[in-house]
Each structure stands twice: as C-alpha cells, then as structure tokens.
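Hello,

Here is the structure I said I would pass on. My notes follow below it.

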Amino acid sequence: MLGPVILAASRSDKMRRFVSAAPGTKQVVDRFIAGETVDQVVPIVEDAADKGLEVTLDVVGEDITTPAQAEAARDAYLELVERLKGLGLGTRAEMSVKLSMFGQALENGHELALANVRPVVEAAAAIGTTVTLDAEDHTTLDSMFAIHEELRKDFPETGCVIQSYLFRTEDDARRLAAAGSRVRIVKGAYKEPASVAYQDKAEIDKAYVRITRILMEGEGYPMIGSHDPRLIAIAQELGRQAGRKLDEYEFQMLYGIRSDEHVRLAAEGHRMRVYTAYGTDWYGYFMRRLAEKPANLLFFGRSILTKG
C-alpha cells in the first residue's frame, strides 16, 4: 500500500531534501500551495470571493519542538487576521489551525496550545470570521475536542473536524451535531492502527455516509470535506432529506483540486469553501495529500500537463 509509505516519507528529513530538490517539484507545489506569504495569498482570497467561493486559510507547518516556535505559529495567524481585516469579506475567509502548531505535543502541551490559539480565535471573531480546529492523529483528539469545547464558551462559532476512518467518530458526531456547532467531516489522512480505524476504503466511505447523515439530521452546521463525486451527491441527497436549505451546510475542497467543481457547486447555490494552504513549510502538508489518496500521484502529474 502506498499510503503508509508516503506518510513515512512525510516524516523523513532525507526524503524532504530529495523531494525539495527534485526537478518539477516546485511546479507541482505551486499548483497546490497558494504561496509562501500573506501577500501572495490575499489576491487568491479576493479572486475566490469574485467567483462566489469562500476560503479557509491554513498556515502550513507542524514540526513544532519549542514554545518559541509555537508562539511564532500564533503570530503568523495573527498577521493573517490583520491582513484579512482590510478585505471586508466577513465569513468568506475563515482560518483552519492544527493545534500541533500551537505546541500541543510539548510539555504541558494542552494548556500551551489553548493559550496560543485563543488569541487567534479572539482576533478572528473581532473581524467577523472564525477558526476551525483541524483533526490530527487519534492520540491528539481528546485534547482537541476539549480545547474546542473551551473556546466555544466564548466563541461559539469555533469549528472542529472529525474523521470517518476512526471508530469513535460516529459517537463524536452525535455529540457535536448540536445547535450552533460547525463540524467538518473528512475521511482522514493519518496512518492509524486497525485497533482504532477502518483500514478498508469501502468501510471508510460507508462510515463517511453514516456520519454525514448524523450531521445533516442534527442541529449544527455540517461542512462536507470531500472531492469524491459520489459522496458529494450523497451529501446533497442527505441534505435534501433532512430538509436543509443550500446555505445550511457547505462543501469544502482543497485549493488546486477540482477547481471547476468548486465553481459548479457555487453556481448551483451551494456554499463552497476552498481549503487554501500557504507558507514555507509545505512538505508535510503536501505529502499527506498524496497519502490520503495515492492516486493523487497520477492526478498531480496530469495537472502539471493540463494546467486545468
């Protein structure tokens, strides 16, 4: 299986150097990473708004080993909020954060991550937008959900992410599908053991549908993170069955993948949000996108050729 091999490569400094130096890498990365700086990503936000799209912005980078690095990650997001402030785009531009960037894995990491992410959530609320906490490997989730619950006391629109490949997620979805909640459902991109996660794609897809139904029938706001045409169609039908209007849930897809579908869904009246990553530490993010679906190796190759 290619997925575990790619995930292992994502943690290898030797492979990082090899991939970074390989001919053609920059061309591929530029297609799927929006840029390295805030200045480069602002025009992308504006262009998306012109097309009727919304965005969620992710400053990439997770290999945090010191409190100072965690504070630098916090400051990078605060800089982003300051730049978004002048765009006047409201909820068209929110932010996604990984708590590992804010020091979650360090000593006293739970408290450190909460202390670092809170100012970002507060600053986002001050300009009329919000933050979604991305899910990472299963060992981090209890901490993530606890931080999510704590933040929602003061900032109820703070969102979180759940992953269909984990056995626990249906129970998490039932708990989270309450009034005012914002929950993104994805398949999952980390290598998880068979003791906690489905290993078969068909089982992961079935769980995705079950969880999407729970979210659609709940009182919260579902965010459907998928590029799979079949799952998108099923989500639309589940939304219809639940009596949801098109603006009572949204689809999310990655920047640079199925861009025509972004525009099509928006034209149909759906809320369509583009997950847009930027920053210099692109390697781990990029490799996980390959690991999620190893067929993306071919997809990325075709994308270089077609540019479409």
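Which residue with a positive phi follows α10? That residue is Gly 243, with phi near 75 degrees. Please keep in mind that this is a predicted model.

On the helix itself: α10 covers residues 229–241, and its 13 residues should span 18 Å at 1.5 Å a residue.

The buried residues of α10 are Leu 231, Ile 232, Ala 235, Leu 238 and Gly 239. Viewed down the helix axis they fall within an arc of 125 degrees, so they line one face of α10. The elements covering these buried residues include the helices α9 (201–217) and α11 (259–267), together with the strands β6 (221–225) and β7 (250–254).

At the N-terminal end, α10 is capped by Asp 228. A side-chain oxygen of Asp 228 lies 2.9 Å from the backbone nitrogen of Arg 230.

The other site I looked at is Ser 164, in the loop that runs between β4 (159–163) and α8 (169–176). With a relative accessible area of 0%, Ser 164 falls under the 20% cut-off and therefore counts as buried. A polar atom of the Ser 164 side chain lies 3.3 Å from the backbone oxygen of Ile 204. Beyond its neighbours within four places in sequence, Ser 164 is in contact with Ile 185, Val 186, Lys 187, Tyr 198, Ile 204, Ala 207, Tyr 208 and Ile 211.

Regards

Methods
Residues numbered from 1 in each chain as written. Predicted model: local features only at pLDDT ≥ 70, side-chain atom pairs only at ≥ 80, totals over all residues. Heavy atoms only, no water. Helix = DSSP H or I, 4+ residues; strand = E, 2+ residues; numbered from the N terminus. Buried < 20%, exposed > 50% of the residue type's maximum accessible area, 1.4 Å probe, protein only. Polar contact = N/O pair within 3.5 Å; in protein donor to acceptor, adjacent residues only side chain to side chain. Contact = heavy atoms within 4.5 Å. Expected span 1.5 Å × (residues − 1). Arc of directions from axis to C-beta.
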